[in-house]
Amino acid sequence: MSSIAPFPGPQKDPAAANRAAPPPQAAQPRVRDPRLDFYRGIAMFIILVAHIPGNRWTGWIPARFGFSDATEIFVFCSGMASAIAFGSSFDRQGWWLGTARVAFRCWQVFWAHIGLFFFLAMSMAALDLYGGFEKSYINSLNLGHFFKDPMTQIVGIFTLTYVPNYFDILPMYLVVLMLMPLMIGLEKAGLWAVAAMSVLIWLTANPYLAGLGPNGVSLPAEPWSDREWFFNPFGWQLLFFTGFAFMKGWLPKPPVSKVLVVLAAAFLILSAPYGSWKVFTWVKAASPDLAELIKPGRDAIGEWREKTDFGLLRYAHFLALAYLGWVAAGEGGKRLIATGHSLGARLWAVLLKVITKVGQQSLAVFVFSMALARFIGFALDQTDRAVMTTAYANLVGFFLIIGCAYGAAWFKSQPWRAKK
């Protein structure tokens, strides 16, 4: 771009013009895509439901009807949000300061992980010590090794070489964030370099696709066994950077096409018996012969649908689901916004605002909900887990994570710094 732009009319003092002109960022305020926070908010509600022990409602979450689930929504939307939050920092302030901002976010995520672990370990220990219950809540989270050998396991917790199953999403997210400066740096070589690196890293976790055997690169989850991290960051980074690429503009918006809509819907429906045991049992009850035809296929695609290393079928399933969600929401999320003044429109406007707020505060809500889920499970243990009791427990949980979202937003606004 030329440093001197011609413009008609009498010439003015350039210094005065510069003083009068607003800064570029003020002229172009960043507008957050409502679809991002809406779908991420939906994922937060599903994640709470999925982590309440013995919850009847888990039979109806997306994970029971296909290959992908709310984890994919969370990771994909986190990639999109990271493109907004960190991508602009790299663009405006350069690679080093952008990397510093990512490092600060990693620091926050790390301590969120540490805080969540020790709070829940303490809470489960308190229930076992003072509750007098037959059930061991320490063992329900598989924390027996931690309390038997705390010195060794504390070192493991802080070095991420001890990652209990319930506490595995934040470490995965942390490692994926650490890959962001690498991907941004490769952008200078071309977008093909970014895509190639992401695919190659994913292939190290899924070597079966290249005919290199079933065992890929992973991270150890505990020193006394060969168990790996339940969420392998080398596999899941592919989905994160797909969301990042869409929001950053590296990938173009997919076209709205009836053909693509039909293909995506057909894939979701036809793949359901292969990705969902629940749907497979329905097919088996309706047509045993058809189930017998499907069963060999289900058995043959175990690695392709695996959650730990993010199998290829999970990726394809989520992209189909995301495409339908993107089309349903409309350009810029216009179909999400209620129009009119009817009671239904007003109720939807309130609901949309609440879900969006939960999505905007996803880290705080996620950490809170993971702890809350265990307490709701404990409360349900004291009941007969009847249908209405379970519904009440879930709805109370929804109310509490909504309160957490609004509380986190209030604290982030730093109202104590506002001028009277």
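**Close-up 1. A272, a buried residue of a predicted model.** A272 is buried, at a relative accessible area of 10% (buried means under 20%, exposed over 50% and partly exposed in between, with a 1.4 Å probe and protein chains only). The model is predicted: local features need pLDDT of at least 70, side-chain atom pairs count only at pLDDT 80 or more, and totals for chains, interfaces and linings use all residues. Numbering starts from 1 along each chain as its sequence is written, and side-chain values use heavy atoms, without hydrogens and water. A272 sits in helix α12 (residues 258-275); helices are DSSP runs of H or I, at least four residues, numbered from the N terminus. Neighbours within four places in sequence aside, A272 contacts F65 and V279 (heavy atoms within 4.5 Å). F67 lies 205 residues from A272 in sequence, yet their C-alpha atoms are 7.5 Å apart.

**Close-up 2. Packing of α4 on α17.** The axes of α4 (residues 70-130) and α17 (residues 362-381) come within 8 Å and cross at roughly 20°. Axes are lines fitted to C-alpha atoms over the stretch in contact; angles run from 0 to 180 degrees between N-to-C directions. The pair is therefore roughly parallel (angles under 35 degrees). From α4, the contact includes F74, R105 and F119. From α17, it includes M370, R374 and F378. By class, the contact has 14 nonpolar, two polar and two charged residues (nonpolar: Ala, Val, Leu, Ile, Met, Phe, Trp, Tyr, Cys and Pro; charged: Asp, Glu, Lys and Arg; polar: the others, Gly among them).

**Close-up 3. Helix α3, mostly covered.** Of the 18 residues in α3, 13 are buried. Helix α3 (residues 34-51) reaches 26 Å from first C-alpha to last, close to the 26 Å expected (1.5 Å times one less than the number of residues).

Terms used: Helix = DSSP H or I, 4+ residues; strand = E, 2+ residues; numbered from the N terminus. Parallel < 35°, antiparallel > 145°, perpendicular 65-115°, else oblique.
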